Amino acid sequence: MQTDLYKHKGMRRALVKQLRDKGIRDERVLAAIETVPRHFFFEKAFVEQAYKDKAFPIGEGQTISQPYTVAFQSELLRLQPNDKVLEIGTGSGYQCCVLLQITPNVYTIEYNRPLYEKAVLFFRTYGLTPNTFHGDGSEGLPRYAPFDKIIVTAGAPTVPKSLMKQLSIGGILVIPVGDDKTQKMLRITRVEEEEFTKEEFTEFKFVPLLGKEGWNS
Ligand code: SAM
């Protein structure tokens, strides 16, 4: 278990200022990022890296997303307290912890077994209680649907139909879609049972979403 010192809090304040300067406006999201100790997700030797606005390797060929990406996706979700949120790609657990600052009702699913186990241990160690799942999140979690918000933290080739079906009416899906090099951030809103709107935002670079409705490997 790591400690959160005054110097770490100072580094988080500086990071939040950078995110504001880059255009993030959602105060709930900024407060969450200021609260969650990102260095807890890093080996002690790499603590200095934790408050740079950069992605960082977490093992298994995967990364903890860049803080700006976490903030951008979280802001697009228009999170409300008590929203029921599904995150696809638990990874380190950092994005999940940011979501938990805003709503206690978080479901998160990870495909990679060692990362899943590491994240579960992390949540247990710090007394956090998201609903954790191991499996193919490209198909969502039909047993627990509908969700008010769904966030996909890996790059998909197309928008998985299963995820669209698991949105509540008025629900929002935020997902990066593209090829293996870059992906455009999309916000899909379920306006009515059969009516969806799609908004397109800037490009990002994510690791691939695997699985049945992902890159299929
Ligand atoms: N949200 C994570 C964080 O805060 O650290 C970052 C996630 S990383 C960019 C993407 C994650 O998606 C990886 O951990 C990867 O194993 C996972 N992933 C890829 N395909 C998946 C799938 N079909 N279902 C669930 N997780 C998947």
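A polar side-chain atom of Glu110 lies 2.5 Å from an oxygen atom of the ligand. This pair and two others are listed here; a polar contact is a pair of N or O atoms within 3.5 Å, and within protein one atom must be able to donate a hydrogen and the other to accept it, while residues adjacent in sequence count only if both atoms are side-chain atoms.

| Residue and atom | Ligand atom | Distance |
|---|---|---|
| Glu110, polar side-chain atom | oxygen | 2.5 Å |
| Gln95, polar backbone atom | oxygen | 2.9 Å |
| Thr153, polar side-chain atom | nitrogen | 3.2 Å |

On its own the ligand has 600 Å² of accessible area, and the protein covers 98% of this (Shrake-Rupley method, 1.4 Å probe; for residues, only the protein chains shown count as cover).

The model is predicted: local features need pLDDT of at least 70 and side-chain atom pairs count only at pLDDT 80 or more, while totals for chains, interfaces and linings use all residues. Residues are numbered from 1 along each chain as its sequence is written, and side-chain values use heavy atoms, with hydrogens and water left out.

The shell around the ligand holds 28 residues, of which Glu87, Ser92, Glu110, Gly137 and Leu210 come nearest (near means that a heavy atom of the residue lies within 4 Å). By type, the shell divides into 11 nonpolar, 14 polar and 3 charged residues (Ala, Val, Leu, Ile, Met, Phe, Trp, Tyr, Cys and Pro count as nonpolar, Asp, Glu, Lys and Arg as charged, and the others, Gly among them, as polar). Helices (at least four residues) and strands (at least two) are DSSP runs, numbered from the N terminus.

Ser168 counts as buried because its relative accessibility is 15% (buried is under 20%, exposed over 50%, partly exposed in between; 1.4 Å probe, protein chains only). Its side chain makes a polar contact of 3.3 Å with the side chain of Asp148.

Most residues other than glycine have a negative phi, and most peptide bonds are trans. Glu60, in the loop between strand E1 (56-59) and E2, has a positive phi near 60°. Arg78, in the loop between H3 and E3, has a positive phi near 50°. A cis peptide bond with omega of about 5° joins Ala145 and Pro146.
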